[in-house]
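Colleague: Please put the model up and let me ask about it piece by piece.

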Amino acid sequence: MNEKRKRVVTTIGTPITEIGKLPPQSIEMEEAVLGAILLEKEALKEVTLILKPESFYKEQNSWVYRAILELYKRNEPVDLLTVTQELKKMDKLEFVGGSYYVSQLTNRIASSANIAYHAVVVEQKFLSRELIRLGTEMIKDSYEENSDAFEIINTLQLRIRELTNYARTSIRNVGDVFSEMVKDIMAVQDGKLITGVLSGFENIDKVTGGWQKGDLHILAARPGMGKTALALALAKNTALAGTPVAIFSLEMTANRLVARLASSESMVSSTRISQSRVNHAELMAIGGRCHQLIGSPLYID
């Protein structure tokens with residue numbers, strides 16, 4: 001190995017060889033996914049829940065997938081001929097390598113049996129590339145002399161959220177879901193009537209079976225009817241039972257909400273607590289009744 005290939009440069013404290021690195025990718029898996037779709041259109045239903053055109057590293061594969069999606073949206077047949085014609089209509093047939101490249105995709109795989117696994121591998125490679133790109137952008141922006149650290153953090157949180165949402169998939173094996181259902185039924189038959197997270201209110205738990213994963217419950221009433229008080233009580237009870245709870249408030253500040261919690265526990269006026277107008281006896285009552293809340297997994301945004 002010559003000296004140039006041995007030499008290492010340091011960028012922001014990290015040694016990087018001058019040869020460089022290829023971004024995470026799996027061309028073979030990309031081609032296997034496309035080939036499986038061309039063999040069996042039904043396989044596309046699984047893939048669309050996982051992959052988007054930008055998930056593909058090889059741009060030619062991305063365009064083939066776009067053509068497949070267009071046909072699928074129009075409920076038209078998806079095969080070698082229709083995909084080739086769609087690419088021609090999109091003026092991308094020559095770019096991807098002509099009809100020969102499309103036809104070769106079906107030679108990469110014998111069936112669509114493992115297409116979900118192959119699609120997940122392609123997705124993971126895409127997410128790895130996006131994380132690398134995001135990290136590089138954050139480092140570059142952080143080194144800018146007039147950079148706003150708070151703005152960079154907000155951007156980072158937003159981008160991470162986008163990647164997290166992208167990574168979520170609803171694909172599950174029917175057998176796994178069935179086993180969970182049977183397990184829940186058996187738990188109820190064994191006397192464990194509540195299968196979800198307890199709210200602390202017996203009548204509510206009887207109706208809901210406890211808070212269940214994926215459920216949305218909306219608490220609505222006229223102003224001044226106690227919506228916030230009940231919502232805080234539900235959150236507090238769940239947190240004190242050991243389950244982490246997050247409260248997202250668009251109206252009241254964290255201080256006001258905590259004052260309401262402290263008031264409900266100590267029976268001291270929340271207004272007096274918010275305005276710091278409590279006497280020594282009331283302060284002792286707040287401290288004595290709220291010590292469990294301090295260590296509970298209850299969070300306010």
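Predicted model: local features only at pLDDT ≥ 70, side-chain atom pairs only at ≥ 80, totals over all residues.

Colleague: Start with the rings. How many aromatic pairs turn up in a search of the whole structure?

Modeller: One aromatic pair, where pairing requires ring centres of Phe, Tyr or Trp (its six-membered ring) within 6.5 Å. Phe-56 and Tyr-65 form that pair, with 5.0 Å from centre to centre and 45° between the planes. The pair is tilted, the term for planes neither under 30 degrees apart (stacked) nor over 60 (edge-to-face).

Colleague: OK. What does the secondary structure of the chain come to?

Modeller: The chain has 16 helices and four strands, taken as DSSP runs numbered from the N terminus, with at least four residues of H or I for a helix and at least two of E for a strand. Of its 301 residues, 29% count as buried.

Colleague: Now helix packing. At what angle do H2 and H8 cross?

Modeller: Roughly 140°, with the axes of H2 (residues 27-39) and H8 (residues 115-143) coming within 9 Å. The axes are lines fitted to C-alpha atoms over the stretch in contact, and angles run from 0 to 180 degrees between N-to-C directions. That angle makes H2 oblique to H8, since under 35 degrees is roughly parallel, over 145 roughly antiparallel, 65 to 115 roughly perpendicular and the rest oblique.

Colleague: Which residues of H2 and H8 make the contact?

Modeller: From H2, Met-29, Glu-30, Ala-32, Val-33, Ala-36 and Ile-37, and from H8, Ile-115, Tyr-117, His-118, Ala-119, Val-121 and Val-122. Contact here is heavy atoms within 4.5 Å.

Colleague: And where do H5 and H7 meet?

Modeller: Leu-80, Val-83, Thr-84 and Leu-87 in H5 meet Ser-99, Val-102 and Ser-103 in H7. The axes of H5 (residues 80-89) and H7 (residues 98-105) come within 10 Å and cross at roughly 140°, which makes H5 oblique to H7.

Colleague: Different topic. What is phi at Asn-75?

Modeller: Near 55°, a positive value in a residue other than glycine. Asn-75 is in the loop between H4 (59-73) and H5, and Asn-75 is exposed at 64% relative accessible area.

Colleague: And what is phi at Asp-91?

Modeller: About 60°, positive although Asp-91 is not a glycine. Asp-91 is in the loop between H5 and H6 (93-96), and it is exposed at 68%.

Colleague: Last one: what does Lys-236 touch?

Modeller: Leu-261, Glu-265, Leu-293 and Leu-298, leaving out residues up to four places away in sequence. Lys-236 is in H12 (residues 227-240) and counts as buried, because its relative accessibility is 13%.

How values were computed. Residues numbered from 1 in each chain as written. Heavy atoms only, no water. Buried < 20%, exposed > 50% of the residue type's maximum accessible area, 1.4 Å probe, protein only.
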